[in-house]
Amino acid sequence: MFYKETGQFKSKYKEELAAFPLFEDKIGIGILGVLTFLVIPLFGLPGLNYEFAMGAIMIPCMIFIIMTLGLNILLGFAGQISLGTGAFSGVGAYAFYKFITIFPDINIIIALVLSGLVSAVVGVIFGLPSLRIKGFYLMVATLAAQFFLTWAFIRVAWLYNYNASGAIEGPNKEMFGIIMIGPQSSGMTRYYFVLVTLIVLTWLASNVIRGRIGRSWMMIRDMDIAAELIGIRPLVAKLSAFAFSSFYIGIAGALMVFFWLGAAEAESFDINHSFLYLFMVIIGGLGSITGSYMGAIFVWVVPVLIKEIGKSAFGFDAFVMENFSTILLGAMIIIILILEPHGLARLWQITKQKLRLWPFPY
Amino acid sequence: MKKHIIGAAVALGTLISTVSMSFAEELLVPHLTYRVGPFAANGTMGANAITDYFTMLNERDGGIGGLKVNPEECETGYNAQKGVECYESYRGKNPLMHIPNSTGITLQLLQKAPEDEVPIFTMGYGLSAAAKGETFPWAFNYPASYWSQMTSILSYIDSETGLKGKKLAFLYLDGGYGREPIPLLDKLSPQMGFDVVKIPVAFADSQNQGSQWLTIRKEKPDWVIMWGWGVMNITAIKEAAKTRFPLDRFIGNWWSGAHVDVEPLGMKAKGYKASNFTPSGRDFPVVQDVIKHVVSKGLTKTEPQMPGKVLYNRSLFMAVIMAEAIIEAQKLAGKPNVTGADVRKGFERIKLDEARLKELGFEGFTPVIGSCADHEGQGSIFVHQWNGKEWDRITDFIPPMTDIVQPLLTEAAEAYKADKPGWKTQNCS
């Protein structure tokens with residue numbers, strides 16, 4: 001009914017390989033585009049204060065999607081488990097901070113790409129053990145990265161320019177005459193910047209994954225010995241996955257600090273955040289770009305909404321809602337994983353499948 | 001049909017206007033709390049006291065200037081990132097001020113305050129340099145900054161045993177809060193001729209200070225000064241008693257000398273000292289009022305024995321400074337319905353001298369007198385000592401060494417401003 005493939009003929013390979021082959025998908029994406037580019041930035045979300053909708057829901061959501069995409073490349077597509085996500089995002093954030101303070105005239109986009117690259121290099125270094133070890137052992141190695149890097153964020157005072165506070169803070173900084181980051185920037189400009197970054201990075205990820213490199217990652221994930229036998233070099237495949245993933249995570253970390261929080265200490269990159277990102281990937285669905293979107297949105301938005309609704313509609317105390325939303329999120333994670341171990345992405349796929357046949361399933 | 005639509009529109013319009021009216025007709029005082037997390041025991045008492053004081057004002061006086069005060073809480077768990085999220089969630093609701101209740105959160109909000117035009121009030125914590133009103137128009141740390149407090153403690157030590165040639169150990173919580181007085185100690189130690197050994201306690205090691213106290217035994221300092229919080233305090237005092245360090249040479253700052261820190265140890269903690277600026281006890285008229293109007297009526301989660309404890313009374317004092325700022329702002333604006341910008345001016349006009357304190361039921365608390373240039377009020381502290389059952393006040397008010405602290409604060413404020421182009425200052429002359 002809603003997905004009618006009949007009558008949609010494809011006469012070229014290009015059409016067959018398009019990202020959104022179905023006409024209905026194209027409409028859906030178009031609506032989503034209008035919503036995210038026009039409706040939400042102009043009017044905010046219904047029933048919520050505009051600044052709150054931007055600062056507490058939309059911007060962090062998109063940043064976490066980039067973060068989840070990054071981790072999903074490593075975990076879902078290349079099969080290399082990592083608990084160092086929080087620390088790698090910190091590398092991106094601190095690198096961005098150093099770039100914009102050492103070179104005050106640097107373009108923000110260049111600084112962002114460079115900090116992503118710094119994070120990629122660090123990711124490759126800590127990814128080296130993946131050539132020797134797998135699974136739990138690799139997890140422990142990345143855990144070491146997590147602890148070492150957060151230690152460095154506190155102890156290496158050069159990283160935060162010897163600030164008394166030990167925090168990195170976003171100064172006001174312009175791009176093309178508009179203040180993009182810092183306390184004077186508006187929620188709308190930051191929203192658009194993050195949105196465009198997200199779209200560019202999603203486009204890049206989906207193409208890389210569909211291409212030669214992405215396929216080599218998936219071969220390594222599915223069976224590394226077989227992959228090696230048919231000519232995939234594990235060194236290149238694994239390290240490129242670490243580099244690519246850390247690049248995304250680093251950019252997300254820089255965006256998180258400078259386009260959302262405004263300032264951060266080492267605790268914004270601690271192990272708890274690594275777990276949070278891992279949840280997002282697993283809830284969303286391993287090895288799926290749509291899943292990365294859904295997982296990040298679900299894990300971030302649900303607790304925020306629970307807290308808001310509990311406070312405004314039922315008049316619960318803030319700390320009660322804080323505890324309650326944690327409990328509820330935990331319960332929902334368990335329920336979702338029992339009902340659908342492959343995450344929300346699989347759920348979406350099933351829904352699509354059903355909608356194709358609706359209302360006459362057979 | 002048309003009638004219905006008009007009717008519905010009118011109904012909707014009145015609904016919207018009543019909703020927006022109800023927003024405007026109260027004084028929103030956002031209140032970042034930490035009732036969960038590692039410091040929950042301390043945070044809950046402070047949060048209760050602030051809410052209780054405003055509830056008491058609402059019950060007894062009908063609010064401030066005829067408007068009810070809404071001390072709306074947001075839970076941070078003492079986590080800086082959560083704190084920033086909380087801060088963002090109050091946008092557009094006309095918050096009158098922000099009280100971050102954590103030095104880490106304060107440091108991150110300082111930059112946002114001038115742009116959002118909402119003052120930040122950090123009583124007895126936060127960035128010391130914020131005392132300089134000309135550089136930090138939007139931040140206040142009445143009644144004294146950490147640096148002022150440290151010089152008061154040093155002059156107490158000087159009066160007890162002399163300071164020159166002595167060795168001090170500085171035991172601190174390794175975070176924004178604990179590291180805050182280190183630049184001052186580094187500056188003062190050559191100047192005043194004492195040695196200082198800095199011993200950090202990592203957040204995660206709060207309950208495990210064996211190695212720190214081993215260092216203290218090895219170094220044999222004459223005094224130990226502590227900048228601790230939460231479970232770190234009680235662990236340190238326990239370790240000190242265990243390693244036979246003389247407890248009357250062990251002095252905590254004002255966040256390291258509450259009932260929760262020593263009560264479980266009882267007589268074992270006897271002799272431990274701490275600085276303070278808010279006397280404990282239930283005899284103050286304001287504490288009695290809170291008990292009468294709030295606690296005994298069951299309008300709070302506060303347990304009946306809590307009023308009068310060190311942290312409770314301190315948070316009452318925090319609330320009264322906030323209330324005074326709103327009162328001054330209302331006087332200045334000539335209307336009860338004020339904004340954050342008005343309250344900022346109110347903070348600068350605060351005059352809690354002895355007479356006013358007595359009037360409000362706070363006799364014996366440290367006076368706070370603010371001005372445009374002075375955002376810390378240069379309040380004095382006293383030292384109190386645990387006698388095994390209760391805190392005894394053992395000194396008069398000890399003023400800070402103004403001549404030493406002020407130039408250092410100016411220097412720190414200049415340094416803060418230096419790498420922030422476009423930082424908003426004000427001219428007080």
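Author: One begins with the residues that meet. In this predicted model, Ala325(B), Ile326(B), Glu328(B), Ala329(B), Leu332(B) and Ala333(B) of H13(B) meet Asp342(B), Val343(B), Lys345(B), Gly346(B) and Phe347(B) of H14(B). By class, the residues of this contact comprise seven nonpolar, one polar and three charged.

Reader: At what angle do helix H13 and helix H14 of chain B pack, and how far apart are their axes?

Author: The angle between H13 (residues 310-333) and H14 (residues 340-348) of chain B is about 110°, and their axes are 7 Å apart. Angles of 65 to 115 degrees count as roughly perpendicular, and H13(B) and H14(B) are therefore roughly perpendicular to each other. The crossing of H13(B) past H14(B) is right-handed.

Reader: Which residues of H6(A) are buried?

Author: They are Leu138(A), Ala141(A), Thr142(A), Ala145(A), Gln146(A), Leu149(A), Thr150(A) and Phe153(A). These buried residues of H6(A) pack against helices H4 (85-102), H5 (108-127) and H11 (271-284) of chain A.

Reader: What span should the 21 residues of helix H6 of chain A have at 1.5 Å a residue?

Author: The expected span takes 1.5 Å times one less than the number of residues. Helix H6 (residues 135-155) of chain A should therefore span 30 Å, and its end C-alpha atoms are 30 Å apart, which agrees.

Reader: How many residues of chain B are in contact with chain A?

Author: In chain B, 27 residues are in contact with 27 residues of chain A. On the side of chain B that touches chain A, the largest share, six residues, comes from H3(B). That side has seven nonpolar, 10 polar and 10 charged residues.

Notes: Residues numbered from 1 in each chain as written. Chains lettered and ligands numbered in written order. Predicted model: local features only at pLDDT ≥ 70, side-chain atom pairs only at ≥ 80, totals over all residues. Contact = placed C-beta atoms within 7 Å. Helix = DSSP H or I, 4+ residues; strand = E, 2+ residues; numbered from the N terminus. Nonpolar A, V, L, I, M, F, W, Y, C, P; charged D, E, K, R; others polar. Axes fitted to C-alpha atoms, helices over the stretch in contact; angles between N-to-C directions. Parallel < 35°, antiparallel > 145°, perpendicular 65-115°, else oblique. Left-handed = near helix turned anticlockwise from the far one by under 90°. Buried ≥ 20, exposed ≤ 12 C-beta atoms within 10 Å, placed from the backbone.
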